[in-house]
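Thanks, everyone. I'll take this one quickly, piece by piece. Have a look at the model first.

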Amino acid sequence: MSVPFIDFTEQNKMIRKAVDAGLEQVIAKASFIMGPEVKKFEDEFAAFCGVKYAVGVNSGTDALYLALAAMGVGEGDEVILPTFTFIATALCASYTGARVKFVDIDEHSYNMDPAKLEQVITPRTKVIIPVHLYGQMANMDEILAVARRRGVAVLEDACQAHGTRYKGQRSGSMGNGGCFSFYPTKGLGAWGDGGMVVTNDAKLAEMVRMLRDYGRTDRYAHKFKGHNSRLDTVQAVVLSEKLKHLDAWNSLRQTVAGYYARHLAGSGIIVPQTLPDREHVHQTYAVRLKDRARVLDRLKEKGVTALIHYPIPIHLQEAYADAGFKAGDFPVSEKVADEILSLPMFPHMTEAQVIEVAAALKGAL
Ligand SMILES: Cc1ncc(COP(=O)(O)O)c(C=O)c1O
């Protein structure tokens, strides 16, 4: 039996009827840009996250970039982020003209290590971006404590962590702002690109609202050199339907993670850890093992799709060669990047599929 990395057939079946009806409306009204469904979904998502404002944009990358721009980040400023993340976290800071500064991760959660944060902060530091990697939030208490002590803002990169919680608070709701991606493979995925900035700060929300729409204050009045980065009405329809199921789908992911933990026990493979005070929604199920290249070949032979998130930390990417880092600068990130492997994970994955993956892995080892 081959096992796909992701299979959303069941999820799509659950929402299809309602989405079709919603899309009919959008087509009938031709309200493709900024239709009422966008505002409706923004309100629903804000309520879901437990924040006052949500502003839909066209991707997670733009959510991060526009939020930083709205916070006034630009040339001469510094933005701190973990080096072990998807490159978009760094790109959005670079787009503003700010200097990107990296921090190593903690070996257990794969998130920013707060103990290494303070030493990177300088008087030029404007924003810290903790990334909630794979579906588990970073250590927000410690990160927020350092940020407050040093007068620095915190922007959560929650692009992989829809609906997860830290001490009961949803991702995106603890920093000055939070950013989400609705890329199709995310926990809450659109049928195309999409993103969202959430915040309790009315000014920040208003700035992002203007920046996503050509810096507009009125139809042809423009206060800033803004962008065209809006969430499509069609995507808002899909996302609104999916949001109704998100908590249930996240608990199915947790059940699948339980199957993995059971069937990989004793194999020597390091399975994801859920740290105290946190929930893990396993948007990505990443394990660690030695001899990954050989294991990947064997999984391929057995029809099991596995991926690597991420093989090269950002400080070693060619795109960031100008930042002047070298191998050895962030040892935990480099070690994890060499050993990490993402296994198939989706809410309706069956125990039989998990057993198949576990057997292929054990066979390879
Ligand atoms: C951690 C992280 N940040 C940012 C992004 C960028 O999101 P998008 O692909 O919607 O631009 C992604 C997803 O791809 C991500 O995983």
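A word on naming before the tour: helices, of type H or I with at least four residues, and strands, of type E with at least two, are DSSP runs numbered from the N terminus. And keep in mind that this is a predicted model.

Y134 sits in the loop between β4 and α5, the helix spanning 140-150. Y134 is not a glycine, yet its phi is positive, about 70°.

The peptide bond joining H309 and Y310 is cis, with omega at about 15°. Y310 belongs to the loop between α9 (292-301) and α10 (331-339).

Now the overall layout. The chain splits into domain 1, residues 9-243, and domain 2, residues 246-364. Their C-alpha centres are 24 Å apart. Domain 1 puts 33 residues into the contact, and domain 2 puts in 32 residues. On the domain 1 side, the elements giving two or more residues are α1 (9-29), β3, β6 (165-166) and α7. That side is made up of 14 nonpolar, twelve polar and seven charged residues.

On to the sheet. It is open and has seven strands, ordered β1-β9-β8-β5-β4-β2-β3, with mixed pairing. Which strands stand at the edges? They are β1 (53-57) and β3 (99-103). Each has a single partner strand, so one side of each has no neighbour in the sheet. On average, neighbouring strands are turned by 25° against each other, direction ignored.

Look at one pair in detail. β8, residues 177-181, runs antiparallel to β9, residues 195-199, over four bridges. C179 has V197 of β9 as its bridge partner.

Two helices pack on this sheet; let me show them in turn. Helix α3, residues 60-70, touches β1, β2 (78-82), β4 (125-128), β5 (153-157), β8 and β9. The direction of α3 makes about 160° with that of β8. Helix α6, residues 202-211, touches β1, β8 and β9. The direction of α6 makes about 20° with that of β1.

Next, the ligand. Which residues come nearest? Of the 15 residues around the ligand, they are S59, G60, T61, C159 and S181. Helices α3 and α4 (88-95) are the elements that give two or more residues to this shell. By class, the shell has five nonpolar, eight polar and two charged residues.

Last topic: helix pairs. α2 (36-49) packs on α7 (233-243) at an angle of about 35°, with the axes 8 Å apart. The α2 and α7 crossing is left-handed. From α2, the contact uses E37, V38, K40, F41, E44, F45 and F48. From α7 come T233, A236, V237, L239, S240 and L243. That gives eight nonpolar, two polar and three charged residues.

The other pair is α8 (246-264) with α11 (351-364). Their angle is about 35°, and their axes are 9 Å apart. How is this crossing handed, left or right? α8 passes α11 in a right-handed crossing. α8 contributes V256, Y259, Y260, H263 and L264. α11 contributes E351, V354, I355, A358 and L361. This contact has eight nonpolar residues, one polar and one charged.

That's the tour. Questions, please.

How values were computed:
Residues are numbered from 1 along each chain as its sequence is written. This is a predicted model: local features need pLDDT of at least 70, side-chain atom pairs count only at pLDDT 80 or more; totals for chains, interfaces and linings use all residues. Two strands pair if DSSP finds at least two bridges between them. Axes are lines fitted to C-alpha atoms, for helices over the stretch in contact, and angles run from 0 to 180 degrees between N-to-C directions. Two residues are in contact if their C-beta atoms, placed from the backbone, lie within 7 Å. A crossing is left-handed if the near helix is turned anticlockwise from the far one by less than a right angle, and right-handed if clockwise. Ala, Val, Leu, Ile, Met, Phe, Trp, Tyr, Cys and Pro count as nonpolar, Asp, Glu, Lys and Arg as charged, and the others, Gly among them, as polar. A residue is near a molecule or strand if its C-beta atom, placed from the backbone, lies within 6 Å of it. Domain bounds come from an automatic or database domain assignment.
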